[in-house]
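User: I am new to reading protein models. Can you take me through the features step by step?

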Amino acid sequence: MTLLEIIVVIAIISIVMGAVAVAVIPKLGQAKQDVAGQDIMNIESALKLYYTKKGRYPDTATGLRALVETQNLDKTPKDPWGNDYVYLNEGGKPVIISYGRDGAPGGGDEDADVSNKEQAN
């Protein structure tokens, strides 16, 4: 092989890798959103088990630590971005929220909040 052929092959591989990266990287953010949604559903299941045992949901101050203390969860869960899930007990209806990549309320795309609030109300 000549040097020119090697350069052409490397250029083609680079173009293909660039096209794949453009197609895949946006999907990674959506995948993290989907994982957060699944985590919230798992936390809801643990909360239902807690409710069955205790007859009430944990208060907001105790939060998800109560699920660890009663061994309904192995450890306090973190969202896919490494932040703690926010737990609120709004009048007996538990709400679990991940604030997304930015860790702040609101936002769009990967920064959008993921919660069970729509299903809880």
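Predicted model: local features only at pLDDT ≥ 70, side-chain atom pairs only at ≥ 80, totals over all residues.

User: Let us begin with the helix. Which residues make up helix H1?

Analyst: Helix H1 covers residues 3-54.

User: Where does H1 have a kink?

Analyst: Look at Val22. The kink there is about 25 degrees, and it lies shortly before the proline Pro26.

User: What nonpolar surface patch is there, and which residues make it?

Analyst: The patch is about 740 Å². Its residues are Leu4, Val8, Ile12, Val16, Val20, Val24, Ile25 and Leu28. Take Val8 as one case. Val8 sits in H1. Its relative accessibility is 41%, so Val8 counts as partly exposed. Ile6 is also found in H1. With 37% relative accessibility, Ile6 counts as partly exposed too.

User: Which residues of H1 are buried?

Analyst: Buried means under 20% relative accessible area. In H1 the buried residues are Gly29, Gln33, Ala36, Ile40, Ile43, Ala46, Leu47 and Tyr50.

User: What does Ser98 touch, leaving out residues up to four places away in sequence?

Analyst: Its contacts include Ala36 and Ile40. Both of these are among the buried residues of H1. Ser98 also touches Asp79, Trp81, Tyr85, Ala112, Asp113 and Val114.

User: Now strand E1. What does Leu88 touch?

Analyst: Leu88 is in strand E1. Beyond residues up to four places away in sequence, Leu88 touches Thr60, Lys93, Pro94, Val95 and Ile97. Its relative accessible area is 26%, so Leu88 is partly exposed. Pro94 has a relative accessible area of 14%, so Pro94 is buried.

User: How do I compare distance in sequence with distance in space?

Analyst: Take C-alpha to C-alpha distances for a few pairs. Pro94 and Asp59 are 35 residues apart in sequence and 8.9 Å apart in space. Leu88 and Val9 are 79 residues apart in sequence and 56 Å apart in space. Ile6 and Glu69 are 63 residues apart in sequence, with 61 Å between them in space.

User: On to charges. How many salt bridges are there?

Analyst: Start with the general idea. Side chains of opposite charge can pair when their charged atoms come close. The cut-off is a Lys or Arg side-chain nitrogen within 4 Å of an Asp or Glu carboxyl oxygen. The count here is two salt bridges.

User: Which residue forms a salt bridge with Lys78?

Analyst: The partner is Asp84, and the closest N and O atoms are 2.8 Å apart. Lys78 has 47% relative accessibility, so Lys78 counts as partly exposed. Asp84 is partly exposed as well, at 46%.

User: What about Arg101 and Asp111?

Analyst: Their side chains meet in a salt bridge, 3.0 Å from N to O. Arg101 and Asp111 are 10 residues apart, each in the loop between E2 and E3. Arg101 counts as partly exposed at 48% relative accessibility. Asp111 is at 18%, so Asp111 counts as buried.

User: Last topic, backbone angles. What is the phi of Gln71?

Analyst: Most residues other than glycine have a negative phi. Gln71 is not a glycine, yet its phi is positive, near 60 degrees. Gln71 sits in the loop between H2 and E1. With a relative accessible area of 68%, Gln71 is exposed.

User: Which residue follows H1, and what is its phi?

Analyst: That is Gly55, with a positive phi near 80 degrees.

Methods. Residues numbered from 1 in each chain as written. Heavy atoms only, no water. Patch = residues over 30% accessible without salt bridge, like charges linked within 9 Å, V, L, I, M, F, W, Y side chains within 5 Å. Areas by Shrake-Rupley, 256 points an atom, 1.4 Å probe, with all protein chains shown as cover. Helix = DSSP H or I, 4+ residues; strand = E, 2+ residues; numbered from the N terminus. Buried < 20%, exposed > 50% of the residue type's maximum accessible area, 1.4 Å probe, protein only. Bend = angle between axes of the 7 residues up to and from the residue. Contact = heavy atoms within 4.5 Å.
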